[in-house]
Amino acid sequence: ASAYRRIELDAQVEGSDGGGLGRFCLEQAVMTLEKAIAADRRRDIAGRADALTRAAGLILALRRGIAPDNPLRPALLTFLGAAAAEIGSAVARFEEGRMRALRDDLRDVLAAAHPY
């Protein structure tokens with residue numbers, strides 16, 4: 001199952017343009033934070049840590065993918081930097097409310113980037 005998920009992920013990444021890849025990373029980050037929240041509720045520390053690590057990687061990919069000429073670049077870098085810091089602090093001290101708020105913020109950015 002893991003191999004099939006990886007192949008599907010690779011296909012989605014390869015078939016995406018810059019905007020599509022950004023949306024994909026945002027969608028994955030939202031889903032991954034939901035997994036971290038669910039793992040925490042189950043007291044699955046390893047699952048929570050895995051989800052937070054993946055979310056941090058997705059946020060890093062988003063930061064690196066912002067075009068230099070994007071007029072929103074400074075704001076996006078600030079927002080994503082704060083998101084990365086929030087995820088980093090959750091590794092040591094997980095607070096569900098803060099992760100829900102971050103997930104919701106990422107959903108808002110996703111909605112703004114793809115309003116349809």
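This text walks through helix α4 and two residues of helix α2.

The model is predicted, so local features need pLDDT of at least 70 and side-chain atom pairs count only at pLDDT 80 or more, while totals for chains, interfaces and linings use all residues. Residues are numbered from 1 along each chain as its sequence is written, and side-chain values use heavy atoms, with hydrogens and water left out.

Helix α4 covers residues 73-92, 20 residues in total; helices here are DSSP runs of H or I with at least four residues, numbered from the N terminus. From first to last C-alpha, α4 reaches 29 Å, close to the 28 Å expected at 1.5 Å a residue, where the expected span is 1.5 Å times one less than the number of residues. Leu-80, Ala-83, Glu-86, Ile-87 and Ala-90 of α4 are buried (under 20% relative accessible area, with a 1.4 Å probe and protein chains only; exposed means over 50%, partly exposed in between). Viewed down the axis of α4, these buried residues fall within an arc of 115°, so they line one face of the helix; the arc is taken from the directions from the helix axis to the C-beta atoms. Pro-74, Thr-78 and Ala-92, on the other side of α4, are exposed.

Helix α2 spans residues 18-41 and contains Val-30. Val-30 is buried, at 7% relative accessible area. Not counting residues up to four places away in sequence, Val-30 touches Arg-103, Leu-106 and Arg-107, contact meaning heavy atoms within 4.5 Å. The C-alpha atoms of Val-30 and Leu-110 are separated by 9.3 Å, with the two residues 80 apart along the chain.

Gln-28 is also found in α2 and counts as buried at 14% relative accessibility. With residues up to four places away in sequence again not counted, Gln-28 touches Arg-54 and Leu-58.
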